[in-house]
Amino acid sequence: MTNPSSIASRVPAGRNRAGATSMAARVAWVMVVGVFLCFFALPIAWMLLAPTRSDAGIVHGAPFTFGSLDDLAAGWRHLYDFQSHAIVTWIGNSALYSFSALAITLVTAVPAGYALATTRFRGKVALLTTTLMVMLMPNATLVLPLYLEMNALGLDGARLSVILPLSFFPFGVYLTYIYYATTVSGDLLDAARIDGASEWMVFRRIALPLARPVVALVAFFSFVHSWNNFFLPFVMLPDSQQYPAQVGLNNLLTASPMFNSSSGISQILRPELALAALLTSIPVLIVFLFSQRALVAGMTAGATKE
């Protein structure tokens, strides 16, 4: 027979090992969070505080201290006066390019994904494979062919040379395809066709309302992709008045003596650069805050099939 005293002596040892494992897991979790704070949260905190300080305060003062509203106002005046209010023009251009490309993307990508998911035709697999290949290609590799194409069409230097390529969004096509292929019941669409509905009516009155979560997801990713795109408008647009915000930030860096010693005397210093970066990030943050519920629904759409 087993000695009860030996069993009792083994139980605390097992509990100690479990407690040690739990403590190690907690320490590892704290370390991961600490690394995350160091590499992500701290730079964001610094960028939020930097516009409220003077350039000398940033260089010589403590890194995470709040300056004053007077320094913030002075930084805004210097930034606003740069190249005759160029920052406002750049943000307006970004909004124009992003929302125009977004509208074209929704009109083209959603019907394309629906058609790929609900119809059978020769070359469907090849088209899906091509879509995936284009998704995996870096955006920079397509800029030169796109520039040559826009030049051949006489659109180089025009705003359409940015809007049209940005509206080409294969990721949105594939997201919509996955949604319709896995979530929307084919029997429901077939029933509508049997009742006499045309294919356009089936899509507009049944398929499209059911796809609102994924449409919101495509819209958000398209907007972020267009807003943050740098290389395409940098190559396509020759005039600073046509630049979007991301290319405009490059102009600010070029005009700052910290990053370009040949710029001479300039009022674009570290606080102005941090303020410009914040201003160009706010629209994306606003779009995310207003669409986060639809984004969560869209990300989980297609995870299960009814």
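## A helical protein seen from its buried residues

In this predicted model, T176 is in contact with A109, V110, G113, Y114, V214 and V218, once its neighbours within four places in sequence are left aside. T176 belongs to helix α8, and with a relative accessible area of 0% this residue is buried, because buried means under 20%.

**Helix α8 and its surroundings**

Helix α8 covers residues 170-182, and its 13 residues should span 18 Å at 1.5 Å a residue, which agrees with the 18 Å that separates its end C-alpha atoms. The residues of α8 that are buried are P170, G172, V173, L175, T176, Y177, Y179 and Y180. These buried residues pack against α4, α5 (124-136), α10 and α11 (212-228).

**The fold as a whole**

The secondary structure of the protein consists of 14 helices and zero strands, so that, read from the N terminus on, the elements run α-α-α-α-α-α-α-α-α-α-α-α-α-α. The protein has 306 residues, of which 32% count as buried. Among the contacts with a separation of 6 or more, 70% are between residues 24 or more positions apart. The protein exposes about 17,900 Å², and carbon and sulfur atoms supply 68% of this area.

**Aromatic pairs**

How many aromatic pairs does the count come to? The count comes to 14 aromatic pairs. One of them is formed by Y114 and F203, a tilted pair with 5.0 Å centre to centre and 50° between the planes. Y114 lies in helix α4 and F203 in helix α10 (residues 199-210), so this pair ties together parts that are 89 residues apart in sequence. Both Y114 and F203 are buried. Another aromatic pair, formed by F230 and F234, is stacked, with 5.2 Å centre to centre and 20° between the planes. F230 is partly exposed, with a relative accessible area of 30%, and F234 also counts as partly exposed, at 38% relative accessibility. Y114 and F203 belong, together with Y179, Y180 and W200, to one aromatic cluster, and two members of that cluster, Y179 and Y180, are among the buried residues of α8.

Is S94 buried or exposed? With a relative accessible area of 1%, S94 is buried. Not counting residues up to four places away in sequence, S94 touches W227, P244 and A245. In the case of A245, the backbone nitrogen lies 2.6 Å from a polar atom of the side chain of S94.

Most residues other than glycine have a negative phi. Against that background, Q83 has a phi near 50°, a positive value in a residue other than glycine, and S84 has a positive phi of about 55° although it is not a glycine. Where does Q83 lie? The place of Q83 is in the loop between α3 (69-81) and α4, and S84 likewise lies in the loop between α3 and α4. Q83 counts as partly exposed, at 38% relative accessibility, whereas S84 is exposed, with a relative accessible area of 61%.

**Accessibility of selected residues**

The table gathers several residues discussed above, with the relative accessible area of each.

| Residue | Relative accessible area | Class |
|---|---|---|
| T176 | 0% | buried |
| S94 | 1% | buried |
| F230 | 30% | partly exposed |
| F234 | 38% | partly exposed |
| Q83 | 38% | partly exposed |
| S84 | 61% | exposed |

Note on methods: Residues are numbered from 1 along each chain as its sequence is written. This is a predicted model: local features need pLDDT of at least 70, side-chain atom pairs count only at pLDDT 80 or more; totals for chains, interfaces and linings use all residues. Side-chain values use heavy atoms; hydrogens and water are left out. Buried means under 20% relative accessible area, exposed over 50%, partly exposed in between (1.4 Å probe, protein chains only). A polar contact is a pair of N or O atoms within 3.5 Å; within protein, one must be able to donate a hydrogen and the other to accept it, and residues adjacent in sequence count only if both atoms are side-chain atoms. Contact means heavy atoms within 4.5 Å. Rings of Phe, Tyr and Trp (its six-membered ring) pair if their centres lie within 6.5 Å; planes under 30 degrees apart count as stacked, over 60 as edge-to-face and the rest as tilted. Helices (H or I, at least four residues) and strands (E, at least two) are DSSP runs, numbered from the N terminus. The expected span of a helix is 1.5 Å times one less than its number of residues. Accessible areas come from the Shrake-Rupley method with a 1.4 Å probe; for residues, only the protein chains shown count as cover.
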